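Good morning, colleagues. I shall present a single protein chain and ask you to follow along on the screen.

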Amino acid sequence: MDGLAQIARSAAALAASQPDQPLYPPSAELTPSVVPAGISVKDPPGTWDEPTWRSLQFGFSNAHRYAFQFDSDQRGRRARYKAVAHGDLDGDGQLSNFSIQGEVSAGRAPITFPVEMHREIE
């Protein structure tokens with residue numbers, strides 16, 4: 001939840017800094033590419049160096065239990081994003097999913113929608 005909140009704050013700040021041209025960073029694939037299964041993992045150096053994660057000022061230097069994805073779409077003067085955190089806290093291969101979405105239109109303040117959860121305690 002904290003990771004998604006951080007992504008949402010950074011995405012909103014980036015969109016607000018460009019009120020005439022709504023824009024979120026480009027999409028970023030699942031990072032790390034494998035969801036940690038029942039353990040905390042420390043990512044190898046460079047895992048969070050993808051430009052989108054850097055522009056969102058997001059990543060981990062300590063061990064963590066989730067993998068994150070950022071999907072972005074811009075159409076005309078409107079932009080949207082969805083950030084997802086996938087976890088497998090008990091290592092059974094069934095994932096919990098937490099997501100947050102936001103949107104912005106030219107000349108308007110960015111909107112962030114509430115977090116959605118699926119299989120919260122997996």
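Which residue in S3 is the bridge partner of Asp73? The partner is Arg80.

Before continuing, some conventions. The model is predicted, with local features requiring pLDDT of at least 70 and side-chain atom pairs counting only at pLDDT 80 or more, whereas totals for chains, interfaces and linings use all residues. Residues are numbered from 1 along each chain as its sequence is written, and side-chain values use heavy atoms, leaving out hydrogens and water.

On confidence: pLDDT, the predictor's confidence in each residue from 0 to 100, averages 93 over the chain, and 98% of the residues score at least 70.

Now the strands, which are DSSP E runs of at least two residues, while helices are H or I runs of at least four, both numbered from the N terminus. Pairing requires at least two DSSP bridges between two strands. S2 and S3 run antiparallel, joined by ten bridges. Their hairpin has two residues between the strands, and Gly76 there adopts a positive phi near 60 degrees. S1 also pairs with S2, antiparallel over two bridges, and Ala28 stands opposite Phe70 in S2.
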